[in-house]
Amino acid sequence: MNAVLETQNLNKWYPLGRNMRVNVLQDIDLEIRRGEFVAIMGPSGSGKSTLLYTISGMDRASSGRVCFNGREISSLQEKELSRLRLGKMGFIFQQIHLLKNLNLLDNISLPAYAEGVRGRSEIDRRARYLMERTGIGSLAGNSVDQASGGQLQRVGICRSLINEPAVIFGDEPTGALDSGSAAEILDILKDVHSGGTTIVLVTHDSRVAARSERVLFMLDGRIQGEKKLGTFTGGNSEARARQENLNAWLAEVG
Ligand SMILES: Nc1ncnc2c1ncn2[C@@H]1O[C@H](COP(=O)(O)OP(=O)(O)OP(=O)(O)O)[C@@H](O)[C@H]1O
């Protein structure tokens with residue numbers, strides 16, 4: 001079984017008054033392969049974040065199936081679902097929420113303590129390794145107030161990776177950053193992906209989506225189309241060519 005995530009006939013709606021509802025996701029059949037890097041694009045309100053939250057078990061489907069590693073998660077109890085999210089999934093958001101009374105190293109380590117599988121020294125070693133790998137190795141003892149936006153986003157990435165998740169979900173992970181910091185974060189995500197982690201990102205930015213292998217375009221709660229880009233091997237000229245190719249396709253579908 002090659003799919004890490006799979007949905008069948010996935011629907012999400014919200015009640016609107018007594019007999020009406022807003023259909024936010026409609027009949028979505030989606031398969032994301034292990035190790036794939038997928039970007040979800042589409043206009044505002046098309047359902048991108050809702051899809052991300054529903055496939056990651058942060059939100060519940062109204063009907064249909066969501067499977068993670070072949071196991072249906074749509075009907076799991078909240079406790080089992082939290083355990084699955086904690087151990088197998090990592091999350092990166094535009095705004096990262098950290099605990100101000102903990103230093104950066106401890107913020108990164110927190111999900112590993114919550115998972116309760118590894119001992120303190122192993123957690124500490126892994127957290128420091130991730131900080132080194134993302135270029136913030138010297139900031140371990142810093143407080144949240146002593147780090148820039150780009151550094152905090154790296155902290156968020158380290159935290160999302162601490163439990164060695166199978167999948168990283170990102171909702172506009174570079175949305176709050178200047179273009180230099182955003183490019184650095186994209187390089188880190190490329191490394192994470194090369195290490196075998198599946199990545200699923202929601203983004204408005206075609207520079208970000210151009211790094212992925214497959215772009216899904218959403219419209220009115222449906223996947224309107226997809227563009228396969230193949231694996232990004234690196235370099236500015238390849239990144240530009242991929243972005244142009246993607247923009248031309250987006251102009252056609254959007
Ligand atoms: N709790 C809710 N009740 C009713 N409608 C909702 C609720 N949450 C989201 N929606 C609606 O669902 C639709 C999809 O929202 P979603 O946030 O998934 O879109 P999006 O494509 O991620 O948008 P954006 O790019 O602006 O973040 C929107 O029309 C939104 O108004």
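Mentor: Two strands pair if DSSP finds at least two bridges between them, and strands are DSSP runs of E with at least two residues, helices being runs of H or I with at least four, numbered from the N terminus. The model before us is predicted, so that local features need pLDDT of at least 70 and side-chain atom pairs 80 or more, while totals for chains, interfaces and linings use all residues. Residues are numbered from 1 along each chain as its sequence is written.

Trainee: What makes β4 and β5 count as paired?

Mentor: DSSP finds two bridges between them, in the antiparallel sense, which meets the requirement of at least two. C67 stands opposite E72 in β5.

Trainee: In which sense do β3 and β9 pair, parallel or antiparallel?

Mentor: Strand β3 (residues 37-41) and strand β9 (residues 214-219) are parallel, over four bridges, and I40 stands opposite L216 in β9. Strand β10 (residues 222-228), by contrast, is joined antiparallel to β9 by six bridges, with V215 opposite K227. β9 and β10 form a hairpin with two residues between them, where D220 in the turn has a positive phi of about 50°.

Trainee: Which residues of α1 are called buried, and why are they said to lie on the same side?

Mentor: K48, L51, T54 and I55 are buried in α1, the term asking for 20 or more other C-beta atoms, placed from the backbone, within 10 Å of a residue's own. They cover an arc of only 135° around the axis, which puts them on the same side of α1. These buried residues pack against β1, β2, β3, β4, β8 (198-202) and β9, contact being C-beta atoms within 7 Å. Just after α1, G57 takes a positive phi of about 75°.

Trainee: Which residues are around the ligand, and what gives the most to the shell?

Mentor: The residues around the ligand are Y14, V22, V24, G42, S44, G45, S46, G47, K48, S49 and T50, each with its C-beta atom within 6 Å of the molecule. β2 (20-33) and α1 (48-55) are the elements giving two or more residues, and α1 gives the most, with three.

Trainee: How do you know that the radius of gyration of the protein chain agrees with a compact globule?

Mentor: The rule, 2.2 Å times the number of residues to the power 0.38, is set against a radius taken over C-alpha atoms. With 254 residues a compact globule would have a radius near 18 Å, and the protein chain has 18 Å, which agrees. Buried residues make up 37% of the 254 residues, and the protein chain holds eight helices and ten strands.

Conventions:
Buried ≥ 20, exposed ≤ 12 C-beta atoms within 10 Å, placed from the backbone. Arc of directions from axis to C-beta. Contact = placed C-beta atoms within 7 Å.
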